Amino acid sequence: MADIEENFDAHTLLENEGRVAKLEELLLQHEKASKSKKGISSKGLIQDGEDFISKIEALGVVKLGEMEVPDGVLQLRFHGRSMLTLGSEEGGGVDWKTMWRSDLEHAAMRAEKTMNTKEAEASGSNQKVTVEAYLMRIEHGCGPPKTGFLHSVLLKWQQEEASLSVFSIPAIQAVILYKWEKWAKRLLQVEFVIYVAWMLSFLLFIGMFGDHRGFKDPGSLHHTRYGVLPLIALASAAAFMVPFLVIETCTIFAYRWSWFTQFWNVVDMGTYVFTGLTLFSYVTHTGLDSAWLTVVLAAQCIIMAAKIQYFSRVYARKGSMVDTLKVVVVDIKWFLVFMYLTMFAFGIAFFILYREDRDLDPEFESTWHAVVAMFSYMMGGFHFELFYDSSRSTAVIIFFLIYESIMAIMLVNILIAIMTDSYSLVMEEEQAWGLCSKAQIIDELETALPSFITQKWNPKFLHILKVSPRKEVLVDTLWTKLGMAEDKMEGSAKDTVAKLSRFQNKVVGKLESMRQVVKAMDPDHGSIPG
């Protein structure tokens, strides 16, 4: 037993020694980075090893300094943004004050031309506000997947090797917001317009497909107005689908198997397959009256409506409904399994209780009808006459009261409480989810766009401007929480190193005490290897 404890303590000590050394190394690198404004290669950073995200967090952003600007100019330029970003081919050697003052003044002049009187009065304040300038030191960190680091960060997150909070790391956050404001937002709006055209064309086809008068004679289908108009609508839908299919194909090559683990990718795959099956069936006159085509069309309507959330999630203040629902369902999945098993068991029980009363109501004429009836009972949809008329009314009523007590009173309310708690946790990470959604959209577009286009949006360095956390104007609390101010980062890291050092001394003292005890008990064999 003593050997096990000794090995355990020695192993823990070695692990903590490694952590202390790693923290000391990162702290030393950050101190050097603060003094030096030289860049770090993005590609080299990723190739260094699996811990490149920690290096991005520790070394990615360095503070250049502070300056004061009029509050009115600041409001016109920030306009609700958490930070401003500018691409540059120069790093710390650039005259950043002149660069940012010129950018703020030009933006204010452009904004004043489109403002109404009230907005002009609100922005007329000349009170000075302190802003902080930072430099994202990772060279070409804003580049496309082959040179930038955003694609690698997304892969880590999708493979569950990094948490959602990585998107709030200042350097990663700055890259996402730069790409979003520079080009991704406009391209997403174009993509959304094309998607709406695809969806409306397909819905128009379904609306005309429901008129069965044109489908009595499949051979002459395309020679009637009932056949030609749906064909035009369906062909238009397929044409609008092509750009999305190209983007998805490029994304599959970039992500490989991890692509199939993402929810929205599965939704996309369903829309492509269903549109293709529908077009094939209509053109070849195959299965036009079949049940499978009807189910495919119905499913496509739901999937295409859900896809709207893909575009709206980057603008929604409270997050995407589908993304939020996905996270909540993951949290309650085992509770749902238990609920549905309970429902199924009671359904079978009622099916047996009504085996001699099948003619009373079709609700219990089969097991599946009985299970559906249990779901309806859980939601309050029942009538007591069915229980009173049963030949086993006493047993039926007792089972019904037990079922309602368990499902409607207890389990449903517990489920609501769990969902409320999960929703609260999702809302706590609302900003991180928004950044993650933008990062996914940016990466999908970058993998599909030609390299000669993406290189235009690939500055060597990224300059960042944000309002000082000491002010109450446009404060981005994530920068404070994550310790982007040098004093907080250094203090936090040094405090962690000190704690681990104290733990190390405590473990060494414990081992020494054990050594003395064993030596006192057996002087000849009490030595413990150091």
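Visitor: Phe 350 and Tyr 377 form an aromatic pair; what is the angle between the planes?
Guide: Phe 350 belongs to helix α12 and Tyr 377 to helix α13, 27 residues apart, so this pair links distant parts of the chain. Both residues are buried. Their ring centres are 6.4 Å apart, and the pair counts as edge-to-face because planes over 60 degrees apart fall in that class. The angle here is 80 degrees.

Visitor: Which helix gives the most to the lining of the second largest pocket?
Guide: That pocket holds about 530 Å³ of space, and its lining of 17 residues includes Trp 157 and Lys 326 among those nearest the centre. By class, the lining has nine nonpolar, four polar and four charged residues. At least two lining residues come from each of α7, α12 and α15. With four residues, the top contributor is α12.

Visitor: Which helix has the lowest mean pLDDT among the elements of the protein?
Guide: The protein averages a pLDDT of 76, and helix α8 has the highest mean, 90. Residues 471–488 have a pLDDT below 50. Where pLDDT is low, the predicted coordinates should not be read in detail. The lowest mean, 43, belongs to helix α18.

Terms used: Residues are numbered from 1 along each chain as its sequence is written. This is a predicted model: local features need pLDDT of at least 70, side-chain atom pairs count only at pLDDT 80 or more; totals for chains, interfaces and linings use all residues. Side-chain values use heavy atoms; hydrogens and water are left out. On a 1 Å grid over the protein atoms alone, a cavity is a set of points where a 1.4 Å probe fits but cannot get out, and a pocket is an open set with protein on both sides within 12 Å along at least five of seven lines; lining residues have an atom within 4 Å of a point. Grid points are joined across faces, edges and corners, and a volume is the space filled by probe spheres set on the points. Ala, Val, Leu, Ile, Met, Phe, Trp, Tyr, Cys and Pro count as nonpolar, Asp, Glu, Lys and Arg as charged, and the others, Gly among them, as polar. pLDDT is the predictor's confidence in each residue, from 0 to 100. Contact means heavy atoms within 4.5 Å. Rings of Phe, Tyr and Trp (its six-membered ring) pair if their centres lie within 6.5 Å; planes under 30 degrees apart count as stacked, over 60 as edge-to-face and the rest as tilted. Buried means under 20% relative accessible area, exposed over 50%, partly exposed in between (1.4 Å probe, protein chains only).
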